[in-house]
Amino acid sequence: MKLLAFAASSSKKSINKQLVTYAASLMEGADVEVLDLNDYELPLYSVDKEQELGHPQLAQAFMAKIAASDAVIISFAEHNGSYSAAYKNLFDWCSRINPKVFQDKPLVLLATSPGPRGAATVLAAAVNSAPYFAGHVKASLAVPSFYENFDVELGVLKDQQLNLQLVDAMNSLK
């Protein structure tokens with residue numbers, strides 16, 4: 001199985017990238033590629049920019065990564081109750097190439113934050129909107145209080161209950 005994993009964040013120290021990397025590692029035998037959204041930075045989307053630039057190569061490359069995968073794992077950062085600007089902008093460009101951004105792939109959607117809700121608001125938005133963009137959500141999980149529940153040095157969830165829920169979420173892709 002070829003898994004594509006990324007954090008919907010442009011932070012160089014993204015806790016969501018740590019979570020999604022750990023989640024992907026739970027799929028034994030899978031060929032995993034973890035992307036960095038900073039490698040797909042594009043001008044702010046607008047109709048005028050699209051007329052000027054067409055479909056930028058970086059957006060096309062991102063869509064090709066999705067196309068080449070068997071499943072996609074995303075961990076969402078929450079900025080003021082919504083998507084990060086970096087993710088939303090890339091998504092907007094990609095949706096102009098193909099409105100079925102997720103290309104009928106199975107998805108595991110995650111989110112985390114330092115706070116007690118674990119970015120649950122943005123995760124709910126992502127889960128609810130994915131089907132409109134040809135994404136098949138197999139499982140989702142918000143991990144609250146990241147620094148209390150994740151061992152940053154070892155790169156693993158230390159809360160056993162949350163870890164079991166994450167393992168179940170990842171097993172939904174089998």
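**Exercise 1.** Locate Ser11 relative to the elements around it, and decide whether Ser11 is buried, partly exposed or exposed.

*Solution.* Ser11 lies in the loop between strand S1 (2-8) and helix H1 (15-25), where helices (H or I, at least four residues) and strands (E, at least two) are DSSP runs numbered from the N terminus. The model is predicted, so local features need pLDDT of at least 70 and side-chain atom pairs count only at pLDDT 80 or more, while totals for chains, interfaces and linings use all residues. Residues are numbered from 1 along each chain as its sequence is written, and side-chain values use heavy atoms, with hydrogens and water left out. Ser11 has 39% relative accessibility and therefore counts as partly exposed, given that buried means under 20% relative accessible area, exposed over 50%, and partly exposed in between (1.4 Å probe, protein chains only).

**Exercise 2.** Determine which residues of H5 are buried, and what they pack against.

*Solution.* In helix H5 (120-129), the buried residues are Val122, Leu123 and Ala126. They cover an arc of only 100 degrees around the axis, which puts them on the same side of H5; the arc is that of the directions from the helix axis to the C-beta atoms. The buried residues of H5 pack against S3, S4 and strand S5 (135-143), with contact meaning heavy atoms within 4.5 Å.

**Exercise 3.** Identify which residues Tyr87 contacts, leaving aside its neighbours within four places in sequence.

*Solution.* With those neighbours set aside, Tyr87 is in contact with Phe6, Ala8, Leu37, Phe76 and Phe102.
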